[in-house]
Amino acid sequence: MSPFEKAWSPYIAGILIGLLQIPAFLIIETALGASSSYVTVGAGIAGLFDSSLFNIDYVARHVTANAKNLWQVALVAGIGFGAFASMKMSGAARASISPIWAKALGTSSTGSRYAVAFAAGFLMLFGARIADGCTSGHGLSGMAQLSVGSTVAVAAMFVGGIATASLLLRRI
Amino acid sequence: MSVAVGIISGLLMGVVFGFALEKSRVFEPGMIVGQMQLRNWIMLKVFLSAVATGAVVLAFLNGFGLVKLQPKAALYAADIVGGLILGAGIALAGACPGTTLAQIGVGYRDAIFTLLGGLAGAVAFSYAQPWLAKSLIGTGPKLIFTDFAGIPYWQGALALAAAIVVILVLIERLRRWRDDLGADVDGNGAEKTSQSRSRLAPAE
C-alpha cells in the first residue's frame, strides 16, 4: 500500500476509513458523516439572499458556526485535498469526464452530463436530508452502530440505486 | 472543544478519508454505476470493510465506556423514501455526497455540477423541512439491533464484523478485486479485461 500506487486493496482502504471513527467519536463526539455539511454551506449561502431561511430551526441548527458543523464541512473539503494528493502521488490523472458516462448515458455531450450531474446531486442531497444521512452517516456509521433505521435507509438506498442504474442508465 | 480543533481535525481526517477513497478507486463513477448494475463489487468491498472496522472499533470504545453511541432515530417512512431518492441520485451522479468532493479533487468536472446540485438540493430541503418534518419524517426511537436481543452492543457489533468478514471472503472468491479495476483503474471495461484474462488462462 504505497502512496505511489494507483490502486489499493478495497479491504485496506475500507479498514483505514473505518478507523476514522476513532477520532470522530473521541474528539468530536460524533460519527462520520458528510451530507449535513451541504446544509451548512448551502443554506449558509442561500440565507445571505433570503435571511428568512435562518428562521427555520433546522437551518439555524446547521448553520451555527460550532465545532461539529464546521468539523464536517472541513472533513468533506479535506476529502477533496486527500484525493487530489493521492492522485498526484500515483499519477492517476483523470479526463474531465469519466469515459463510462458516454456509455451509460448514450451520448458524449458534456452538456447532457453536466445537467444529469446537477439533477443527480439535487436528488442525492434532497433524499439524504429526508433520510437524515447518506452513505457515510447511515452507511458507514449507522450500520457499524447496528442502527435499525440506518439499516433500513441503506437497504432503500441500494434498491433505489440498483433500480435507477438498471432502468435509466445503459450497461457500462 | 473549540471550533479550531473541529476544523483542523476535520481537515486532517478528510485528507485521510479522501486519500483512501482515491486509492480504493471507489470514488470512480465506473465503480459506483458498476456496483449498482451488479457488475463491479469494489464499492461493496470498501463499504463493508469500513463498516466492519467501525463496528470493531466502537465495540471496544463503547464496551470499555470510553464513548457513547450516536445512532440516528429510526424514522422508517423517511428512511425508505429518502433512501430511495438518495440511491437514485447516487446512481445518476456516480458518486455519494462525500465522494463527490474526491471526484472534484482528481479533476472530474461534472462533479462540480453534482456538488452545485447537492447544495441546491440541501437548500430546497431546508425550505421544505418544516412541512416534511410534520408530514413525512416525524420522530422515532434511537433503536439499535442489540436492543431487541437484550445483549450489550459490543457483542452484536463483533458478531456483525465476523459476519461481514465471512461475506467478504465469499465475494472475493467469486470476483477478485483486481478484476474490477479496469485498464485505467476507473472501472471502465473491467469485465472485458477479466474475460480476456480468463480466456488466456488455459494457454498460459
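1. Start with where the two chains meet: 119 residues of chain A and 121 residues of chain B take part in the contact. Keep in mind that this is a predicted model. On the chain A side, helix H5 (residues 67-90) gives the largest share, 19 residues. Sorted by type, the chain A side that touches chain B has 80 nonpolar residues, 32 polar and seven charged.

2. Next, the largest nonpolar core, which holds 120 residues. Which members touch the most others? They are Ala83(A), Val33(B), Val51(B), Ala55(B) and Ile90(B). Helix H3 of chain B (residues 42-63) supplies the largest share of this core, with 13 residues. Domain 1 (1-94) and domain 2 (96-172) of chain A both give residues to the core, so it lies between them.

3. Val51(B) is worth a click in the viewer. Setting aside neighbours within four places in sequence, Val51(B) is in contact with Gly18(A), Leu140(A), Met143(A) and Ala144(A) from chain A, and with Ile164(B) from chain B.

4. Now a helix pair within chain B. H5(B) (residues 99-106) and H6(B) (residues 110-137) pack at about 145 degrees, and their axes are 8 Å apart. The crossing of H5(B) past H6(B) is left-handed. H5(B) makes this contact through Thr100(B), Gln103(B) and Ile104(B), while H6(B) uses Ala111(B), Ile112(B), Thr114(B), Leu115(B) and Gly118(B). What is the make-up of the contact of H5(B) with H6(B)? Four of its residues are nonpolar, four are polar and none is charged.

Terms used: Residues are numbered from 1 along each chain as its sequence is written. Chains are lettered from A and ligands numbered from 1 in the order in which they are written. This is a predicted model: local features need pLDDT of at least 70, side-chain atom pairs count only at pLDDT 80 or more; totals for chains, interfaces and linings use all residues. Axes are lines fitted to C-alpha atoms, for helices over the stretch in contact, and angles run from 0 to 180 degrees between N-to-C directions. Helices (H or I, at least four residues) and strands (E, at least two) are DSSP runs, numbered from the N terminus. A crossing is left-handed if the near helix is turned anticlockwise from the far one by less than a right angle, and right-handed if clockwise. Two residues are in contact if their C-beta atoms, placed from the backbone, lie within 7 Å. Ala, Val, Leu, Ile, Met, Phe, Trp, Tyr, Cys and Pro count as nonpolar, Asp, Glu, Lys and Arg as charged, and the others, Gly among them, as polar. A nonpolar core is a set of buried Ala, Val, Leu, Ile, Met, Phe, Trp, Tyr and Cys residues joined through C-beta atoms within 7 Å. A residue is buried if 20 or more other C-beta atoms lie within 10 Å of its own, exposed if 12 or fewer, and partly exposed in between; C-beta atoms are placed from the backbone. Domain bounds come from an automatic or database domain assignment.
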